[in-house]
Amino acid sequence: MFKFWYKNFSHIPVHHPDFHRVQLIYHLLLFVCVLAGVVTALNFFLLNAGLIAVIDAIGFFLALGIYFYFRHSGNVAVAGWAVTLIFIAVLSAYLSVWGGNNFGIIWATVIPPIAFFLLGRSVGTLLSIVFFSYATYIVYGHVQAGVRYQLSLGGILNVVEVLIAQIMLFRFYDRTRADAMAELQASRAKLQRLASTDKLTGINNRQQFDRELMAQVSDAQTTRRPLTLLLLDVDHFKRINDEHGHLFGDRVLKELASLLSTNLRSHDVIARWGGEEFAVLMPATPITTAMTLAERLRKKVADANLCGHSVTISGGLSGWRPGCSGEELLGTADRALYRAKTQGRNTIVQSED
């Protein structure tokens with residue numbers, strides 16, 4: 001509805017620390033301008049409170065001036081101070097002429113959240129203490145003078161206005177907190193992906209694979225379900241690097257990782273084991289079934305044309321046995337891979353251990 005009121009600043013994007021402060025400044029200035037304009041008219045024409053109407057009108061024009069300054073400059077620090085001080089100044093003037101019959105003291109409750117949100121905890125605390133000390137002095141003066149507080153139409157309006165202001169402030173706080181939590185969760189998810197993903201190929205890295213291997217071995221020990229490990233190595237990869245360069249070799253590895261991932265089952269776990277080696281965990285898979293799957297992968301790679309180059313892979317296959325650790329499973333698969341290399345490459349060999 002009031003989109004024309006808000007202006008986005010290129011130097012303060014959505015994830016900038018000051019983004020929510022900018023939104024609050026715009027909200028508060030809009031609130032002051034609308035409220036001060038309405039209340040000025042009410043005090044002048046309905047409640048016959050000319051002095052209060054003058055104070056409200058001054059607040060209106062000050063807020064409007066700060067708005068145009070902020071819209072032009074985008075200076076969050078200056079605008080934050082200006083908005084906070086305008087609230088303190090107007091409310092202080094308001095309390096100075098307050099006679100006790102309109103519950104104007106309730107406006108003091110909006111100062112702490114505004115000061116804290118815009119200026120931070122330390123400055124917000126200091127300004128709140130100063131303002132509450134002044135408000136306490138005013139109330140003490142009323143007590144000493146025997147002023148009796150009475151609810152009037154002006155008092156009812158003040159209560160309603162402050163409730164609206166408090167609802168707006170706490171809605172802002174809740175949205176800010178929700179946005180901060182969402183950003184934190186997104187950052188954690190991103191860090192977790194970076195910590196578990198191989199930068200070149202985009203699949204799991206060795207650290208993540210080690211965690212998966214430990215978890216799967218533990219599950220196999222508990223459930224006695226079969227578990228098979230396949231280690232793959234690109235044949236003559238050094239020759240590819242020597243003849244075409246390391247950047248070309250990197251492209252080959254990326255395309256190979258994509259090809260392997262595409263042809264695995266959803267519950268299989270693939271990782272770059274190191275260099276041109278890949279590891280595939282096949283949970284709940286007997287070694288005979290795993291051999292069929294491994295042969296299919298080998299043929300897919302041999303038939304593919306990775307980066308315009310013929311590439312083959314060799315593999316070593318090992319099945320988990322009761323009492324076997326993850327390290328032992330890797331060792332037997334690695335020995336099977338070595339035999340595949342010595343038997344001419346482009347083949348899958350099953351562990352004899």
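Modeller: I begin in the helical part, where Met168 lies in helix H6, which covers residues 153–196; the model is a predicted one. With a relative accessible area of 21%, Met168 is classed as partly exposed, because a residue counts as buried under 20% and as exposed over 50%. Once residues up to four places away in sequence are set aside, Met168 touches His27, Leu28 and Phe31. Along the chain, Asp179 is 11 residues from Met168, and the C-alpha atoms of the two are separated by 16 Å.

Helix H1 runs over residues 19–46, and at 1.5 Å a residue its 28 residues should span 40 Å; the C-alpha atoms at its ends are 40 Å apart, so the expectation and the model agree. After H1 comes Asn48, which has a positive phi, near 55°.

Two packed helices are described by the angle between their axes and the distance between the axes. For H1 and helix H3 (residues 76–96), that angle is about 35° and the axes are 10 Å apart, and the crossing of the two is left-handed. On the H1 side the contact is made by Arg21, Val22, Ile25, Leu28, Leu29 and Val32, and on the H3 side by Val76, Ala77, Ala79, Gly80, Val83 and Phe87. By residue class, the contact of H1 with H3 consists of 10 nonpolar, 1 polar and 1 charged. Leu28 of H1 belongs to this contact with H3, and Leu28 is also among the residues that Met168 touches.

That brings me to the sheet itself. Strands of a sheet pair through backbone hydrogen bonds, either parallel or antiparallel. Here 5 strands form an open sheet with mixed pairing, in the order E2-E3-E1-E4-E5. Its edges are strand E2 (269–274) and strand E5 (348–350), each of which pairs on one side only. From one strand to the next the twist averages 20°. Helix H9, residues 246–262, packs on this sheet and touches E1, E2, E3 and strand E4 (313–319), while the direction of H9 makes about 10° with that of E3.

Taking the pairings in turn, strand E1 (residues 227–234) and strand E3 (residues 277–283) run antiparallel and are joined by 7 bridges. Within E3, Phe278 is the residue that Leu232 stands opposite, and Pro283 is the bridge partner of Leu227. On burial, 6 of the 7 residues of E3 are buried, so E3 is largely enclosed by the rest of the structure.

E3 is also joined to E2, by 5 bridges, and these two strands likewise run antiparallel. Val280 in E3 is the bridge partner of Ile270, and Glu277 in E3 stands opposite Gly274. The hairpin of E2 and E3 has 2 residues between the strands, and in this hairpin Gly275 takes a positive phi near 60°. Although E2 is an edge strand that pairs on one side only, 5 of its 6 residues are buried, so E2 too is largely enclosed by the rest of the structure.

Two loop positions complete the view of this part. Asn263 sits in the loop between H9 and E2, and Asn263 counts as buried because its relative accessibility is 16%, which falls under the 20% limit for that class. Leaving aside neighbours within four places in sequence, the residues in contact with Asn263 are Arg296, Leu297 and Lys300. Ser310, by contrast, is found in the loop between helix H10 (287–303) and E4, and at 56% relative accessibility Ser310 counts as exposed. Between the C-alpha atoms of Ser310 and Ala145, which are 165 residues apart along the chain, the separation is 98 Å.

Note on methods. Residues numbered from 1 in each chain as written. Predicted model: local features only at pLDDT ≥ 70, side-chain atom pairs only at ≥ 80, totals over all residues. Heavy atoms only, no water. Pairing = 2+ DSSP bridges. Helix = DSSP H or I, 4+ residues; strand = E, 2+ residues; numbered from the N terminus. Axes fitted to C-alpha atoms, helices over the stretch in contact; angles between N-to-C directions. Contact = heavy atoms within 4.5 Å. Buried < 20%, exposed > 50% of the residue type's maximum accessible area, 1.4 Å probe, protein only. Expected span 1.5 Å × (residues − 1). Left-handed = near helix turned anticlockwise from the far one by under 90°. Nonpolar A, V, L, I, M, F, W, Y, C, P; charged D, E, K, R; others polar.
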